[in-house]
Amino acid sequence: MPMKTSVAICTYNGEKYLEGQLRSIVSQTVKVDEIVISDDGSTDKTFDIISEIKAESGAIIRLLKNETALGVCANFDKCIKECSGDIIFLSDQDDLWYENKVEVTLEWFKANPKKEVAFSNAIFIDENNSKYSDRTLLETVGFTPKAMKHFDMGFQIEALLLHNRCTGAAMAIRRSFVPFLNIDKTATTKNELPLHDFTIALSAASKQVLGYIDQPLIKYRVHVSQQCGLGEWIKNPPKDDNLIEPLIPVDRFVNYVLPQRRERAVFGIHRLEYIKSPRKIKVLSHIVKYFKIYGFIAYHPFLYDLLKNKS
């Protein structure tokens, strides 16, 4: 049976780029079944553009108008939960999709039935649709081939405790995963809490159901008026692609890891201590071997207790 698809888009005064984004979505090689748009109080021509595309394409578009502004995270939480598709694509209002994005993503989910969340690669474009950077999206967030190797070995939580690797605009989730969403509705770009895409990724990594598509499927737009973006990261991308080496995770992210992996995340926060102390080097060397053989970090109860008692 074909998987039904939904697209969740949050809009706010998006008239400058919204038409191009919607046209790229309704022109997919595999048509989407519905587009759910949750608007956060637009005062420009956003609604006119939506009506025009709906009439012209015949696409099923449901427009939700928030009576009061929710903010990006709460708005996405609402929009995702309004979607009825088996696969829900998250979309920003200002990007462009490759015409085969839906087709490639559905094939990936069919080939990976145990995965619940996927994020893809992307290229960067500017306000005029011209190439913005030689780096891809995944390169920009430090998700290099070496990092992918460790990710595939099981270092998903460790990678995310450093910073987000999964951009919402390039993300798709199974509807069956929606009950496990852990979106912090209070998060903003200014309070340093993880945004909606980050918390979705942390939840998926907690359940070991997060995967990636190493192929550009969107053109991610960088411009001055975007509410949250990767402009600064493009100029200064992280270089933390070796997750076996001691790195400094961010402890405030642990709260967004689901309970069944919380101990593992806490250990990830403290493992730098075992590098600093010479008397623990022997213990550490065995842990590194454990990484390489089993592909994940110290969730084994014996190892966790051993390290906790030696700290």
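These legends describe close-up views of a predicted model.

**View 1. Strands β2 and β3 and the crossover between them.** Strand β2 (residues 34-39) pairs with strand β3 (residues 61-65) in the parallel sense, over five bridges. Between the two strands the chain passes through helix α2 (residues 46-57), and this β-α-β crossover is right-handed. Within the pair, I37 stands opposite L63 in β3.

**View 2. The salt bridge between R62 and E34.** The closest N and O atoms of R62 and E34 are 3.6 Å apart. R62 lies in strand β3 and E34 in strand β2, so the pair ties together parts that are 28 residues apart in sequence. R62 is partly exposed, at 30% relative accessible area. E34 is buried, at 6%.

**View 3. The salt bridge between R23 and E52.** The N to O distance here is 3.6 Å. R23 belongs to helix α1 (residues 18-26) and E52 to helix α2, so the bridge links parts 29 residues apart in sequence. R23 is partly exposed, with a relative accessible area of 27%. E52 is also partly exposed.

**View 4. The salt bridge between D77 and K81 in helix α3.** The two side chains meet at 3.2 Å, N to O. D77 and K81 are four residues apart in helix α3 (residues 72-82), about one helical turn. D77 is buried, at 5% relative accessible area, whereas K81 is partly exposed, at 49%.

**View 5. D126, buried without a salt bridge.** D126 sits in the loop between β6 (117-125) and α5 (137-140). The nearest side chain of opposite charge, R221, is 5.7 Å away. The D126 side chain does reach the backbone nitrogen of N128, at 2.8 Å.

Definitions and conventions
Residues numbered from 1 in each chain as written. Predicted model: local features only at pLDDT ≥ 70, side-chain atom pairs only at ≥ 80, totals over all residues. Heavy atoms only, no water. Buried < 20%, exposed > 50% of the residue type's maximum accessible area, 1.4 Å probe, protein only. Lys, Arg positive; Asp, Glu negative; His and termini not counted. Salt bridge = Lys/Arg side-chain N within 4 Å of Asp/Glu carboxyl O. Polar contact = N/O pair within 3.5 Å; in protein donor to acceptor, adjacent residues only side chain to side chain. Pairing = 2+ DSSP bridges. Right-handed = clockwise from strand over helix to strand, strands pointing away.
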